[in-house]
Amino acid sequence: SESAHSLPKLESAMAVREAVAQLIAEVYAGKLHPRVAAGLAPLMNLQLRAIEATDLDLRVAKVEKQLAVRIRPAGA
């Protein structure tokens, strides 16, 4: 079974959300010291911001590619 100190890979906003819920449950159950959870919180927030920025970059690149195809002159 998974220990109180192991986290899933935090590669999506949903994964970060689930990890936060897991940490809250473990603190509440007395399986994780509140100081440990408090130390992880800023790191998880940083990870969430990085995920959001990466997602936005990917979405913008996709839109730019679609626009380039639509505005390319015929025969170019």
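Predicted model: local features only at pLDDT ≥ 70, side-chain atom pairs only at ≥ 80, totals over all residues.

Residues are numbered from 1 along each chain as its sequence is written, and side-chain values use heavy atoms, with hydrogens and water left out.

The protein chain contains two helices and zero strands. Helices here are DSSP runs of H or I with at least four residues, strands are runs of E with at least two, and both are numbered from the N terminus. Of the 76 residues in the chain, 16% are buried. Buried means under 20% relative accessible area, exposed means over 50%, and partly exposed lies in between, with a 1.4 Å probe and protein chains only. The chain exposes about 6,200 Å², and carbon and sulfur atoms supply 61% of that area; the areas come from the Shrake-Rupley method with a 1.4 Å probe, and for residues only the protein chains shown count as cover.

Let us turn to α1. This helix has 16 residues and reaches 23 Å from its first C-alpha to its last, close to the 22 Å expected at 1.5 Å a residue. The expected span is 1.5 Å times one less than the number of residues. Which residues of α1 are buried? They are Ala-15, Val-16, Ala-19, Gln-22, Leu-23 and Glu-26. Seen down the axis of α1, these buried residues fall within an arc of 120°, so they line one face of the helix; the arc is that of the directions from the helix axis to the C-beta atoms. On the other side of α1, Arg-17, Ile-24 and Tyr-28 are exposed. After α1 comes Gly-30, with a positive phi near 80°.

Next is α2. Its 38 residues should span 56 Å at 1.5 Å a residue, and its end C-alpha atoms are 55 Å apart, which agrees. There is a kink of about 25° at Ala-41, shortly before the proline Pro-42; the bend at a residue is the angle between axes fitted to the seven residues ending there and the seven starting there. Ala-37, Met-44 and Ile-51 are buried in α2, and the buried residues of this helix pack against α1.

How many residues make up the largest nonpolar core? There are eight, among them Leu-10, Val-16, Leu-32 and Met-44. Such a core is a set of buried Ala, Val, Leu, Ile, Met, Phe, Trp, Tyr and Cys residues joined through side-chain atoms within 4.5 Å. The elements giving two or more residues to this core are α1 (13–28) and α2 (34–71).

Finally, consider Met-44, which lies in helix α2. Met-44 counts as buried because its relative accessibility is 5%. Leaving aside neighbours within four places in sequence, Met-44 is in contact with Leu-10, Val-16, Ala-19, Val-20 and Leu-23, where contact means heavy atoms within 4.5 Å. Met-44 and Val-16 are 28 residues apart in sequence, and their C-alpha atoms are 6.8 Å apart in space.
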